[in-house]
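Let's walk through this protein together, starting with the overall picture and then stopping at a few spots inside. Keep the structure open while you read.

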Amino acid sequence: MLNFNLSQEQEMVKKLVRSFVDKEISPNMTEWDRKGHFETSILNRLADLNLMGVCIPEEYGGSGMDYNALAIVCEELERGDTAFRTAVSVHTGLNSMTLLQWGNEWQKQKYLTPQAKGEKIGAFGLTEPNAGSDVASMKTSAVKQGDYYILNGQKTWISLCDVADYFLVFAYTDTSKKHHGISAFIVERTMPGFSSKAIKGKLGIRAGNTGELFFDNVKVPKENLLGEEGEGFKIAMSALDNGRFTVAAGACGIISACLEASVKYCHERSTFGKEIGKHQLVQQMLAKMEAGLQMSRLLVYRAGCLKNEGKRNTRETSLAKWQACDFANEAANDAVQIHGAYGYSDEYPVERHLRNSKAPVIYEGTREIHTIMQAEYVLGYRNDKPLNKSLPAWEDIEQLLH
């Protein structure tokens with residue numbers, strides 16, 4: 001039987017994060033967004049609430065909850081603002097879950113455990129100035145010399161660039177092998193030759209820290225190679241399964257925020273002698289938001305259930321990311337329309353949601369990339385092969401089923 005009810009633990013997480021967002025994020029977001037300020041104390045507070053490693057096993061410092069609990073955290077955080085959902089997506093989804101899947105025991109103890117506790121912050125370095133969707137075009141290189149790899153290159157559009165302590169960085173160890181010559185490394189901010197620089201003037205997610213990473217002969221110990229040489233592309237793609245899952249969940253938060261703001265405004269604003277919510281074309285926009293929210297959640301939770309069962313979910317996660325982000329962008333656009341001229345001012349939050357909603361349609365696989373992926377699955381051109389290492393199934397899955 002399918003169970004569409006949240007567990008008691010999931011309901012508890014939802015209420016906890018919603019209350020936290022309403023008290024500590026939403027009242028400050030207009031100011032933080034105007035100033036382009038990333039409030040790092042929020043990460044400390046999330047750590048205090050044991051939410052920086054919500055789905056990481058307790059043995060590695062996490063809360064040991066299921067993967068849909070992570071989705072709930074991301075949805076509620078993005079209901080406040082995309083900047084803080086992005087931080088959790090990168091720290092937990094792209095970095096920590098990748099270490100859980102691919103790391104050896106020494107790497108899990110040294111890097112994953114402090115990250116899951118929120119004592120250290122993790123980030124992810126794949127995109128380069130000339131390598132986005134075309135990962136094989138990356139230029140960053142890692143040359144082995146004795147007990148070290150010498151890392152040179154540049155990454156861009158890296159979230160938490162100035163905040164993170166540890167980075168998962170992808171570089172060529174053998175350019176002649178194309179995708180099969182890419183390897184993954186754990187790089188520490190304190191390693192000589194590493195530097196970062198924030199990007200200013202963004203359309204949206206202005207309260208988030210995003211920028212560039214630079215590697216100038218950075219000596220990375222061989223022990224910091226994640227997986228084997230040449231496994232970097234597989235590691236990156238499996239990491240994106242987790243990142244896209246959290247992005248899709250966050251998109252539900254934008255839809256929810258737009259719906260809440262629009263319903264509130266519909267009851268406050270009157271035209272032609274009645275509340276604007278009485279006008280059918282306004283109702284149509286609200287109905288679209290509600291439909292988008294419910295469909296997106298179902299797609300996200302389906303992907304989360306597959307993760308809980310330890311099953312490959314690349315196809316399902318891709319669909320959830322594509323659709324939820326499109327629904328969020330449409331919901332934010334309609335929310336601005338419902339607010340009329342006021343929707344064009346940051347006196348109301350919907351203009352920020354519209355600006356923020358555009359980036360997720362682009363990053364972690366553009367709308368166009370996911371469209372092609374889904375078509376190739378349908379046509380039988382794409383099939384997901386088993387990975388050397390799978391993301392661990394949630395040990396307490398039986399609690400969700402009963």
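What share of the contacts in the protein with a separation of 6 or more comes from residues 24 or more positions apart? The figure is 75%, with contact meaning heavy atoms within 4.5 Å. Before going further, a word on what you're looking at: this is a predicted model, in which local features need pLDDT of at least 70 and side-chain atom pairs count only at pLDDT 80 or more, while totals for chains, interfaces and linings use all residues. Residues are numbered from 1 along each chain as its sequence is written, and side-chain values use heavy atoms, with hydrogens and water left out.

Now the overall build. The protein has 12 helices and 10 strands; these are DSSP runs numbered from the N terminus, with helices being H or I of at least four residues and strands being E of at least two. The C-alpha trace spans about 80 × 50 × 45 Å along its principal axes. A compact globule of 402 residues would have a radius of gyration near 21 Å, and the protein agrees because its value is 21 Å. That radius is taken over C-alpha atoms, and the globule rule is 2.2 Å times the number of residues to the power 0.38.

On the charge side, the mean positions of the 46 positive and 50 negative charges are 4 Å apart. Lys and Arg count as positive and Asp and Glu as negative, with His and the chain ends not counted; each charge is placed at NZ of Lys, CZ of Arg, CG of Asp or CD of Glu.

Next, have a look at the strands. In a regular strand the side chains alternate between the two faces of the sheet. Strand 4 (residues 166–172) is covered on both faces: Tyr166, Leu168, Phe170 and Tyr172 sit on one side, Phe167, Val169 and Ala171 on the other, and all are buried. With 7 of its 7 residues buried, strand 4 is therefore largely enclosed by the rest of the structure. One partner is strand 5 (residues 182–188), which runs antiparallel to strand 4 and is joined to it by 7 bridges; two strands pair if DSSP finds at least two bridges between them. In that pairing, Phe170 stands opposite Ala184. Strand 1 (residues 122–125) runs parallel to strand 4, with 4 bridges joining the two, and Gly125 stands opposite Val169. In strand 1, Gly122 and Phe124 point one way and Ala123 and Gly125 the other, and all are buried.

Over to the helices. Gly93 lies in helix 5 and is buried, with a relative accessible area of 0%. Setting aside residues up to four places away in sequence, Thr86 touches Ser159, Ile205 and Tyr363.

Helix 10 (residues 350–362) has several buried residues, among them Glu351, Arg352, His353 and Arg355. What covers its buried residues includes helix 5, helix 7 (232–268) and helix 9 (314–339). Just after helix 10, Glu364 takes a positive phi of about 55°.

Finally, the loops. Phe272 lies between strand 9 (270–271) and strand 10 (274–275), has a positive phi near 55°, and is exposed at 80% relative accessible area. Asn50, in the loop between helix 3 (41–48) and helix 4, has a positive phi near 60°. Glu58 lies in the loop between helix 3 and helix 4 and counts as exposed at 63% relative accessibility.

Terms used:
Buried means under 20% relative accessible area, exposed over 50%, partly exposed in between (1.4 Å probe, protein chains only).
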